[in-house]
2 protein chains.
Amino acid sequence: MALPSDIEIARAAKKLPIQGIGAKLGIPEADLLPYGHDKAKVGQGFIASLRGRPDGKLILVTAINPTPAGEGKTTTTVGLGDGLNRIGKRAVVCIREASLGPNFGMKGGAAGGGMAQIVPMEEMNLHFTGDFHAITSAHNLLAAMIDNHIYWGNTLDMDARRIVWRRVMDMNDRALRDVVTSLGGVSNGYPRQTGFDITVASEVMAILCLARDLDDLERRLGDIVVAYTSAKTPVTARDLKADGAMTVLLKDAMQPNLVQTLENNPAFVHGGPFANIAHGCNSVIATTTALKLGEYVVTEAGFGADLGAEKFFDIKCRKAGLRPAAAVIVATVRAMKMNGGVAKADLGAENVAAVQAGCPNLGRHIANVKGFGVPVVVAINHFTTDTEAEVQAVKDYVAAQGAEAILCKHWAQGSAGIEDLARKVVDLAESGVADFAPLYPDDMPLFAKIETIAKRIYHAGAVVADKAVLDQLKVWEAAGYGALPVCIAKTQYSFTTDPTVRGAPVGHTIPLREVRLSAGAGFVVAICGEIMTMPGLPRVPSAEVIRLNADGDVEGLF
Amino acid sequence: MALPSDIEIARAAKKLPIQGIGAKLGIPEADLLPYGHDKAKVGQGFIASLRGRPDGKLILVTAINPTPAGEGKTTTTVGLGDGLNRIGKRAVVCIREASLGPNFGMKGGAAGGGMAQIVPMEEMNLHFTGDFHAITSAHNLLAAMIDNHIYWGNTLDMDARRIVWRRVMDMNDRALRDVVTSLGGVSNGYPRQTGFDITVASEVMAILCLARDLDDLERRLGDIVVAYTSAKTPVTARDLKADGAMTVLLKDAMQPNLVQTLENNPAFVHGGPFANIAHGCNSVIATTTALKLGEYVVTEAGFGADLGAEKFFDIKCRKAGLRPAAAVIVATVRAMKMNGGVAKADLGAENVAAVQAGCPNLGRHIANVKGFGVPVVVAINHFTTDTEAEVQAVKDYVAAQGAEAILCKHWAQGSAGIEDLARKVVDLAESGVADFAPLYPDDMPLFAKIETIAKRIYHAGAVVADKAVLDQLKVWEAAGYGALPVCIAKTQYSFTTDPTVRGAPVGHTIPLREVRLSAGAGFVVAICGEIMTMPGLPRVPSAEVIRLNADGDVEGLF
């Protein structure tokens, strides 16, 4: 199978003018704010006018634990969207935006792959429509207002040692992780230690992705806890009167971005929160807008189903009132083999026994997702090296779990290769069997929520935490934050906190190292491992070879 | 005269779709990259296709030294553009973009005022088309690559004490002026002291504004000197292989932004370099593109004619091969009175003697601009408190200088109020008397260039500098930078370095405190006073009252 590279396919795409894509969804030209000829934001007024319309059916695409073999979750999300359109359903794809900074370290990525991609690929890896820049500005305005407030007398009595709001930049820059600011004398303020995170790690990013509309955005921005007073009471962005100006900076960024698939079907690409210290889903406003415009909305969540789908259900769906109709779990024969103990170099050889040995990882995810009341189908994302016997082994295993696994060839064939999955998804969604419920109730204590996820989803034996961590949770409960859901930050490679443990382990211990409050986003982050919020550049960053060629195309980015 | 406020007028503007504005200049829709319905970038391919077309006539609008009375230079630039269109000339206005950060300290500003404005005003004060964000990204990528290079072994042997490239943010944030980075241990690099400037102070901004095209942009970015080795030889962005990726980040930002005046005439708003440590003019590419598309191009330069026009002529015109056909010097009766010793509170009362006493400031600027071989007309920007006798006093004074002063009422009346000036500008431009030449030749030594400006333009008696400063200039001359023009950073309020000295002083001393090399932009900065490159927020920043109202309009920004 000699397919051209993703970027070659993307550059050769015959794109429709974005007004033509909008027309497929009934969006008038005047309500599309174009950014060039192939990107547009959907106007707030138009979105507001959709209230009262019935919702389409929401389909989640999730996956097994990621392995170096690759699963193709986004490729399947895009392919399923095209497949649903092919069989006559008006379907919209909703995925996350890419972060600019990391592209200058390692190569940027396609949105999807092969014949199942979203375009324009280059622009989605560069400034796109400026959303992340707006988030950077809003975040850093709040930071500047904190230090400015202290400079002019600190009437809010913020404890300079307890300022928890850092700054952000959309750049891989390790030198900014840990800095001392306000040096240089009286006119520059009071020196203190702080640092920068990458923009996607900003709570403002998570807020933008969870806000229902501009009013909800402003309220959530105001709720951000930026510091504690000397009496340890929280100081919010509202106390600093920063919420209004932050909202103004984000008013355009809140409008979903419309682009298209290679097959000229509509896709919203909007928001991109971290999948560890945040919930890792595209924006609520894009998803809810798409549900008003499409019969089907296909979206995905970050990492595997243990982290991604759980947060999608327990944070995004819970808070936005979304009720998913079906879930697709993406698996590959190669990844099953790796879960069965095969090294990456040996993946080319047929090994049915290893496939069978690896399948329990998939089985755990099937059971977990079903546990939320959402019916499941497994998509086997076809690789050309897969043998018929290996594919059959996966199908047989999944059938034994009470689900169906369907071989999908969208990477090579586009929508023509994924019709069977599309039909199955329609069957599941229209069967009405979905009966979504989150895993835990709002009023469960915070630590019990963490334990519930660890035991029910990861099949851990226990969660252990220092007293200081447990005390912090109790302080937040006393301060009124106890009804928030929890957001687990943990390795995505394993049900345990050890990234090398594949398969479906049971009885392990989850160490809860640290907790953080994201009061504006509306969750408590439970950190169960090392979390890097500001990456660095590698020894030879890809920036060294990125340049414009004579045709004006970007070389070296992909 | 009860005119509504600038923002009320701007919001009530009947804007044409931006494609309609492009059509006035013969730009096909396909070559306009829209940003919403009222902003667009002009495609690089279209710009390249214009080569070989004859150029229109370039008109500079400059001013007396700014006073608290206000001069209205941008208002007159916009008004003159509308006036030229009114009398049947295809005219394009070219001005600078506004910086985002300062709007959250003090109120944002209109582009022009009264009936002579450019719209959309709100967006031009917020993210606009993202140019400044792109500059921030490109600048900070280079900074990250410097620290990353040191982290991975520093094969270029950069002296960590001699890294001259700081970081930037488009925010008023005094806490970032002076920082220590790379704290926190081995994985974060080598701690060093550095800081942040506001984005408009970035050399990348100056480069973007002086580059002729993308190739020239990449070459100039490569020329940036970021550090010196332990042997004190310059290390450039090209040595770090950052130039290509920076160019990619700036490829859209290099395309001029097309918007419109209240009278639906075309305006390019593009680039916004500091007028002190940089040259303070809109981009060369906007100006040269406008010259291919319009019969007349009206542009302005930062501050008064002593700083702004001199840099426009000696840096922008010299380097871009521009030959201005005429210059308008904006003055007001009120400003003449302040130069004549009247306090701001007393400006309401007629005082012909004070007007006459203040006129020598205007006379000095007339003579200076004529010295560049450019014919001059004075625009008296009318205020309703001006008396006939005061206006006549200015006219008489200017006539005695061999020029003409024309009363202009564009603020209140739009183009109808500025027809006389438009006709006079056409007369001057078509008379062919312009014979532009820069003030000094390229091959003059750097210090002699500074002395030439000080003596010929400021009428200073001498320039004094420490030996270290003079030695630095000689080092740069030896390193091949001697042919660069100089960029004076000095108070804009006076011909001296004392901002309180108005009028037309002679024989003063100019202290040259510091020099900086902007090798990519292509000038040596001569700092003759305190220069702030990162502002702070005031005690009550305007951010505290900025918010969206129920109509989605931005409140508190203006």
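Guide: The largest cavity holds about 200 Å³ of space. A cavity here is a set of points on a 1 Å grid over the protein atoms alone, where a 1.4 Å probe fits but cannot get out. This is a predicted model: local features need pLDDT of at least 70, side-chain atom pairs count only at pLDDT 80 or more, and totals for chains, interfaces and linings use all residues. Residues are numbered from 1 along each chain as its sequence is written.

Visitor: Which residues are closest to the centre of the largest cavity?

Guide: His133(A), Thr136(A), Asn140(A), His133(B) and Thr136(B), out of 16 lining residues. Lining residues have an atom within 4 Å of a point.

Visitor: And which elements give two or more residues to that lining?

Guide: H6 and S8 of chain A, with helix H6 (131–151) and strand S8 (167–169) of chain B. Helices (H or I, at least four residues) and strands (E, at least two) are DSSP runs, numbered from the N terminus.

Visitor: Switching to the interface. How many residues are in contact?

Guide: 66 of chain A with 66 of chain B. Contact means heavy atoms within 4.5 Å.

Visitor: Which element of chain A gives the most to the side that touches chain B?

Guide: H6(A), with 10 residues.

Visitor: How many salt bridges between the chains?

Guide: The count is 6. Each needs a side-chain nitrogen of Lys or Arg within 4 Å of a carboxyl oxygen of Asp or Glu. Asp173(A) forms one with Arg167(B), the closest N and O atoms being 2.9 Å apart.

Definitions and conventions:
Chains lettered and ligands numbered in written order. Heavy atoms only, no water. 1 Å grid on protein atoms, 1.4 Å probe; cavity = no way out; pocket = protein on both sides within 12 Å on 5 of 7 lines; lining within 4 Å. Points joined across faces, edges and corners; volume = space filled by probe spheres on them.
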